[in-house]
Amino acid sequence: MNTRKPYIKRHADGTLWAKGSMANGVMEGYWKWFRKDGTLMRSGHFSNGKQVGEWVTFDAKGKVYKRATMKAGKGAQLKAVSERKVCSRGHVFYKSSACP
């Protein structure tokens, strides 16, 4: 059964870092990432853990910086990872004690 559950990840200081939903341990549906000051940094859709469709990156003032279209089967699959062991570098999440 493919049941979506809301998922929220916070920066170390407690501010919202990412918001979306998970299904069967992978990202699913629309996701948003935020900077520590609360401004939207990136948004896009996942299907079965893979980036699909249009992805938008925003500058610090909220203006569109970049648009990219992910083709089916080309996005990296991203799985759920444990709290306090996640950092972001581009599109891929790394599970480690510190950002590489």
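How many bridges pair S2 and S3, and in which sense? The two strands pair over 5 bridges, in the antiparallel sense. The model shown in these views is predicted.

**View 1. The whole chain is built from strands.** The protein chain has 8 strands and 0 helices. Read from the N terminus, the order of elements is β-β-β-β-β-β-β-β. The chain has 100 residues, and 32% of them count as buried. Its accessible surface comes to about 6600 Å². Carbon and sulfur atoms account for 53% of that surface. Take the contacts between residues at least 6 apart in sequence: 21% of these join residues at least 24 apart.

**View 2. An open sheet holds 6 strands.** The strand order is S1-S2-S3-S4-S5-S6, and the pairing is antiparallel. S1 and S6 are the edge strands, each pairing on one side only. On average, neighbouring strands of this sheet are turned by 15° against each other, direction ignored.

**View 3. S1 and S2 form a hairpin.** There are 5 residues between these two strands. Gly14 sits in the turn and has a positive phi of about 95°. S1 and S2 run antiparallel and are joined by 6 bridges. Lys9 stands opposite Ala18 of S2. Ala18 also belongs to the largest nonpolar core.

**View 4. S2 and S3 form a hairpin with 2 residues between them.** Asn24 lies in this turn, with a positive phi of about 55°. Lys19 has Lys32 in S3 as its bridge partner. Ser21 stands opposite Glu28, also in S3. S2 is mostly covered, with 6 of its 8 residues buried. In a regular strand, side chains alternate between the two faces of the sheet.

**View 5. The largest nonpolar core has 9 residues.** Strand S2 (16–23) supplies at least two of the core residues, and so does strand S3 (26–34).

**View 6. Glu28 and Arg4 meet in a salt bridge.** The N to O distance between the side chains is 3.8 Å. The pair links distant parts of the chain, 24 residues apart. Glu28 is in strand S3, whereas Arg4 is in the segment before strand S1 (5–10). Is Glu28 buried or exposed? Glu28 counts as buried, because its relative accessibility is 11% and the cut-off for buried is under 20%. Side chains of opposite charge can pair when their charged atoms come close.

**View 7. Arg67 forms a salt bridge with Glu54.** The closest N and O atoms are 3.1 Å apart. Arg67 lies in strand S6 (residues 64–70) and Glu54 in strand S5 (residues 50–58), so the pair ties together parts 13 residues apart in sequence. Arg67 counts as exposed, at 51% relative accessibility. Glu54 is partly exposed, with a relative accessible area of 42%. The count of salt bridges comes to 2.

Conventions. Residues numbered from 1 in each chain as written. Predicted model: local features only at pLDDT ≥ 70, side-chain atom pairs only at ≥ 80, totals over all residues. Heavy atoms only, no water. Core = buried A, V, L, I, M, F, W, Y, C linked by side-chain atoms within 4.5 Å. Buried < 20%, exposed > 50% of the residue type's maximum accessible area, 1.4 Å probe, protein only. Helix = DSSP H or I, 4+ residues; strand = E, 2+ residues; numbered from the N terminus. Contact = heavy atoms within 4.5 Å. Areas by Shrake-Rupley, 256 points an atom, 1.4 Å probe, with all protein chains shown as cover. Salt bridge = Lys/Arg side-chain N within 4 Å of Asp/Glu carboxyl O. Pairing = 2+ DSSP bridges. Axes fitted to C-alpha atoms, helices over the stretch in contact; angles between N-to-C directions.
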